[in-house]
Amino acid sequence: MRRRVTEAAVLSTQAQSPADVAQWTCPHGQHAGHGCVACYHACADVDPAQPLWEVAAWFTTERPIPIRALQDVHRHDRDLTLTQPSTPLVYLLSARVRAALGAEAVAGVVGFLVQNRHIVDEFTVTEIRAAHS
């Protein structure tokens with residue numbers, strides 16, 4: 001039986017340790033919580049040999065995301081889900097993507113927000129999680 005691997009971080013205004021920064025830096029040198037457009041595109045090139053990661057990124061915004069935009073994200077070609085928990089201006093972006101590392105998977109999913117600034121122009125990622133078995 002395969003062991004489930006989960007990597008998670010709560011991001012705050014306090015500085016992360018060098019080990020945490022290294023763990024969450026994608027292959028393109030970006031912190032996963034800031035997103036990476038290159039990882040976003042790399043995750044589109046599905047390599048079945050890569051692990052399948054279940055990614056979740058919680059983020060906040062200064063302005064509400066229109067309901068239509070929330071509904072339209074699920075039609076995106078990468079099976080992304082954008083939901084709003086019960087807390088105002090807090091959102092959850094999740095997806096299943098193939099990537100070599102958890103940092104790359106998270107950076108790719110958050111990279112969706114960077115790539116699509118028409119959905120949300122400013123955001124702050126507060127928590128990230130990536131799991132695979």
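**Basis.** I am working from a predicted model, in which local features need pLDDT of at least 70, side-chain atom pairs count only at pLDDT 80 or more, and totals for chains, interfaces and linings use all residues. Residues are numbered from 1 along each chain as its sequence is written, and side-chain values use heavy atoms, with hydrogens and water left out.

**Fold.** I looked up the secondary structure and found four helices and five strands in the protein chain. Helices (H or I, at least four residues) and strands (E, at least two) are DSSP runs, numbered from the N terminus. Along the sequence the pattern reads β-α-α-β-α-β-β-α-β.

**Overall dimensions.** I checked the radius of gyration, taken over C-alpha atoms, against the globule rule of 2.2 Å times the number of residues to the power 0.38. The protein chain has 14 Å, which agrees with the value near 14 Å for a compact globule of 133 residues. Its C-alpha atoms fill a box of roughly 40 × 35 × 30 Å along the principal axes.

Buried means under 20% relative accessible area, exposed over 50%, and partly exposed in between (1.4 Å probe, protein chains only). For contacts (heavy atoms within 4.5 Å), I took residues at least 6 apart in sequence; 74% of these contacts join residues at least 24 apart.

**Phe59.** I listed its contacts beyond four places in sequence; among them are Ile65, Leu82, Leu89, Leu113, Phe123 and Thr124.

**Leu89.** I found Leu89 in the loop between strand E3 (81–83) and E4. Its phi is near 65°, a positive value in a residue other than glycine. Most residues other than glycine have a negative phi. Leu89 counts as partly exposed because its relative accessibility is 27%.

**Thr124.** I placed Thr124 in strand E5. Thr124 is partly exposed, at 47% relative accessible area. Leaving aside neighbours within four places, Thr124 is in contact with Trp58, Phe59 and Thr60. I also checked Ser12, 112 residues apart from Thr124 along the chain; their C-alpha atoms are separated by 9.6 Å.
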